[in-house]
Amino acid sequence: MGFYTDCVHAGQSPDEKTGAVITPIFQTSTYKQDGIGKHRGYEYARTANPTREALERNVAALERGKHGLAYASGMAATDTILRLCGPADEIVVTHNVYGGTYRLFAMVLQQYGLVFRFVDTADLREVERALTPKTKLVYLESPTNPMLRVTDIRAVADMAHAIGARVCVDNTFMSPYLQTPLELGADIVVHSTTKFLNGHSDMVGGIVVLNDDATAQRLRFLQNAVGAVPGPMDCFLALRGTKTLAVRMRQHEENARTLARFLAGHKGLASVNYPGLPDHPHHELAKKQARGFGAIISFDVGSLERADRVLRSVRLFTLAESLGGVESLISHPASMTHGSVPEADRAKLGVTPGLLRISVGIEDAADLQADLDSALR
Ligand SMILES: Cc1ncc(COP(=O)(O)O)c(C=O)c1O
């Protein structure tokens, strides 16, 4: 089926018993069993829940994958993937990953013997240098947060597979409407469903999609064993969100292109980062491997003082963490998403005190542009 059809229908059908068109919220922790060892596929809600299963099937279909596994947050999803690795295994990671991912890897999982090599995965020579016989996983974010650097997913997958390593891509920024990493050779896709998949800023969740049966079985075991599962209400909200993913993303993107052009033409900015701009260093690659450029833009206003003035002047953009909702948000990466990254590392990444990031919503582009214009002035 086409993507718009899958958004609405994949993984769900009217309820057999009642005819309810929308998958019900199965708000139950346990299920009646019919006798010793006899149940109807559901025993306990940490192990399985029909609302969660509908979400898992739906997003798996959108990512063009076979298996979906939902989690209580994007971080819980990533944490469970990393449990496929053990002590002394090496993981090559995009150096510019979301700050929370950096925190999980460098400040939590490293203690358990996992070895992380943070490199600029947009530079294939750096990836090649970082791969060793001990590399088990390459963990990519593309485009990155907040610098919007783009990694050649297919090229990295080829390099990783040649030494028997797997590739996981955090596809949160693009959503499957714009990019399907499994079709580019990646083995695992992870999302914070909190963002574009839900799209309405009213839940926190994560999801993993993959094709390999044995790995999916192990992740299913871990999902139950570790227990970082989402509640049925949050699954319902995410599933309601994915129904409109395609139409929302179209509008997010169109608005983002307009605002990126406006910002690029603005005299008072030190830099504007958006892969859709022709002078972005990875514009051609972004065009080749994705169906659009996304709705996240970052720009440098030059100093912390000016960033603060802009943040206090915007009216339509809301100063808040997160991204991907229908409403436009603005944030200050150095103190917010990347607050847990050491200052020296932040500077190396380009996350300067004057850098601002916007998540472009689906409001009228003219209103958003006017808001930024007056705040910058
Ligand atoms: C790219 C990316 N990945 C993962 C996460 C973590 O997701 P969650 O906040 O749902 O745990 C975020 C959160 O901002 C993110 O931006």
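**Domains, helix packing and ligand**

Reader: How many residues of domain 1 are in contact with residues of domain 2?

Author: The model is a predicted one. Its protein is divided into domain 1, residues 3–243, and domain 2, residues 245–376. On the side of domain 2, 34 residues take part in the contact, and on the side of domain 1 the number is 36.

Reader: At about what angle do helix H2 and H9 pack?

Author: Residues of H2, including Leu55 and Val59, meet residues of H9, among them Phe236 and Leu239. The contact of these helices divides into nine nonpolar residues, three polar and one charged. H2 passes H9 in a left-handed crossing. The axes are 8 Å apart, and the angle is about 30°.

Reader: How many polar residues are in the shell around the ligand?

Author: The ligand is surrounded by 16 residues, of which Ser73, Gly74, Met75, Tyr98 and Ser192 are the closest. Helix H3 (74–82) and H4 each supply at least two residues of this shell. Four residues of the shell are nonpolar and two are charged, and the number of polar residues is 10.

Notes:
Residues are numbered from 1 along each chain as its sequence is written. This is a predicted model: local features need pLDDT of at least 70, side-chain atom pairs count only at pLDDT 80 or more; totals for chains, interfaces and linings use all residues. Domain bounds come from an automatic or database domain assignment. Two residues are in contact if their C-beta atoms, placed from the backbone, lie within 7 Å. Axes are lines fitted to C-alpha atoms, for helices over the stretch in contact, and angles run from 0 to 180 degrees between N-to-C directions. Helices (H or I, at least four residues) and strands (E, at least two) are DSSP runs, numbered from the N terminus. A crossing is left-handed if the near helix is turned anticlockwise from the far one by less than a right angle, and right-handed if clockwise. Ala, Val, Leu, Ile, Met, Phe, Trp, Tyr, Cys and Pro count as nonpolar, Asp, Glu, Lys and Arg as charged, and the others, Gly among them, as polar. A residue is near a molecule or strand if its C-beta atom, placed from the backbone, lies within 6 Å of it.
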